[in-house]
Structures are given as structure tokens and as C-alpha cells.
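Dear colleague,

I am passing the structure below on to you, together with a short account of what was found in it. Please look through it alongside the notes that follow.

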Amino acid sequence: MSVLIADDHPLFRDALKRAVLQALPDAVLREVDSVAALHAALEAQPDTELLLLDLHMPGAAGFSALVHTRAQHPGLPIVVVSAHEEPAVIRRAIAHGASGYIPKSAPVETIVEAVRQVQGGDLWIPSAARGAATPLKPAEVGVAAQIAQFTPQQFRVLNMIAEGLLNKQIAYELGVSEATVKAHMTAIMRKLGVSNRTQVALLASHLAVDADAIGNGAESFEAGTHAQ
């Protein structure tokens with residue numbers, strides 16, 4: 001079984017590898033430490049059978065990497081592994097398509113149980129978050145659906161915009177021309193139905209894990225939707 005571990009903390013990746021091998025002794029493990037490396041790994045090995053995904057890695061923020069990877073690889077079971085343990089965060093991850101959620105504070109036995117259950121086709125949720133589902137806000141659902149249409153490169157540009165990088169900086173990071181970045185910007189704004197990078201960043205904030213970080217972007221989303 002091919003398992004990919006996506007986390008930017010080497011020590012925690014090692015802990016996950018040990019737990020996965022307890023759960024699936026014959027697993028073939030690979031590891032990446034950024035969203036760019038995640039995209040490359042899944043493209044190189046599309047038959048990956050399980051992904052363990054940290055919510056916070058270089059190139060991603062909040063639920064964005066989960067949403068985009070879920071759309072790009074709809075048949076791939078994704079287990080979110082995160083330091084966030086709030087029930088509402090866990091339920092949002094499941095609502096965005098995660099097959100399981102493992103808090104980073106969980107003991108090895110819990111990780112083993114979760115991996116086995118998801119590998120068997122079931123959903124795994126920590127007991128503290130079980131019960132009634134938390135419905136996603138309409139604006140969050142809308143933004144997730146729009147981001148699902150992005151190419152991997154557009155997704156990388158989106159997150160760099162959300163981080164406040166300028167076109168020149170984005171071009172340098174991606175190794176492309178500023179004209180290429182502007183072309184990606186045009187495509188991103190068209191897909192989101194907005195007209196400037198500030199609105200792009202506001203919409204991206206709907207996928208933040210911290211609910212307090214989600215400003216009043218609903219109006220921007222509604223305005224952008226009507227502008228399409």
C-alpha cells in the first residue's frame with residue numbers, strides 16, 4: 001500500500017511513519033514537506049492509496065490544501081493530522097472531504113486505529129468531535145467549490161497572494177516571469193469572480209482554521225458571485 005505523509009516537521013513525520021507501519025506493515029511510505037512537493041508526489045505516483053495531511057505547511061493555509069487535493073484526487077482517502085483539536089475544526093475538515101482527523105497529541109495507538117479504519121473504507125473522528133455535524137457557512141462552501149477548479153500552479157499563486165507576496169516575489173518563488181504570474185492572477189480572479197488581489201485574499205480567508213480570522217468576506221464573495 002502506498003502512503004504519503006505531508007508534514008513540514010521531520011520529527012513528527014518520523015512518528016507518523018512508525019505509527020503507519022504498525023497499522024500497515026507492508027506499506028510503502030513517502031514523505032513531503034510542502035504543498036508544491038505534495039502536488040509533485042501525487043502527480044508522480046497517482047496510485048497513492050492514503051494521504052496523511054498536515055493543515056499547515058509551506059504553500060497552504062487553513063483548509064485550502066485539503067480542499068484542493070480533495071478536488072484533484074477525489075478517490076484518495078485523506079486523513080488530516082493537525083495540532084488543532086477543537087471539535088468545530090475537526091467537523092469542518094470532515095465536511096471538506098477528509099476521511100479522518102488525527103490530533104497531533106494523539107497517542108500512537110490512536111493513530112494506528114485511525115489509519116486502519118480509514119484504510120478499511122470507514123470514517124475516523126476523535127470521540128470529542130463525534131455527534132451532530134457542523135454545517136459549513138455558505139460563503140465557505142462557495143470558496144471551496146471555486147478553489148476546487150484551480151490548477152496546482154494557480155493554487156500556489158493563490159496562497160502566495162493570501163500571504164501578501166507581490167507579483168515580483170511570486171515570480172521569483174515559482175521561477176516564472178511576472179507576465180506568467182499576471183496571467184495566473186487573471187485566471188484566479190475570473191474563477192473567483194472578483195476584480196483585485198485584496199478580494200482574492202478575503203475569499204481565501206474563509207478557509208482559515210481560526211474562525212476569528214474569517215473577516216467579513218461574505219459580502220465580497222456575494223459581490224464576486226454576482227459579478228460572474
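The notes below take up a helix pair, then the charged side chains and the aromatic rings.

Please bear in mind that this is a predicted model. Two packed helices are described by the angle between their axes and the distance between the axes. For helix H7 (residues 152-162) and helix H9 (residues 178-192), the axes come within 10 Å and cross at roughly 85°; since angles of 65 to 115 degrees count as roughly perpendicular, H7 and H9 are therefore roughly perpendicular to each other. On the H7 side the contact is made by Gln 153, Gln 154, Val 157, Leu 158 and Ile 161, and H9 contributes His 184, Met 185, Ala 187, Ile 188, Lys 191 and Leu 192.

The structure holds six salt bridges, one of which joins the side chains of Lys 17 and Asp 14, with 3.3 Å from N to O. Because Lys 17 and Asp 14 are three residues apart in helix H1 (residues 10-23), about one helical turn separates them.

As for the rings, a search of the whole structure finds zero aromatic pairs, although the charged end of Lys 104 does sit over the ring of Phe 12, 4.7 Å from its centre.

Note on methods:
Residues are numbered from 1 along each chain as its sequence is written. This is a predicted model: local features need pLDDT of at least 70, side-chain atom pairs count only at pLDDT 80 or more; totals for chains, interfaces and linings use all residues. Side-chain values use heavy atoms; hydrogens and water are left out. Axes are lines fitted to C-alpha atoms, for helices over the stretch in contact, and angles run from 0 to 180 degrees between N-to-C directions. Helices (H or I, at least four residues) and strands (E, at least two) are DSSP runs, numbered from the N terminus. Angles under 35 degrees count as roughly parallel, over 145 as roughly antiparallel, 65 to 115 as roughly perpendicular and the rest as oblique. Contact means heavy atoms within 4.5 Å. Rings of Phe, Tyr and Trp (its six-membered ring) pair if their centres lie within 6.5 Å; planes under 30 degrees apart count as stacked, over 60 as edge-to-face and the rest as tilted. A charge sits over a ring if NZ of Lys or CZ of Arg is within 6 Å of the ring centre and within 35 degrees of the ring normal. A salt bridge is a side-chain nitrogen of Lys or Arg within 4 Å of a carboxyl oxygen of Asp or Glu.
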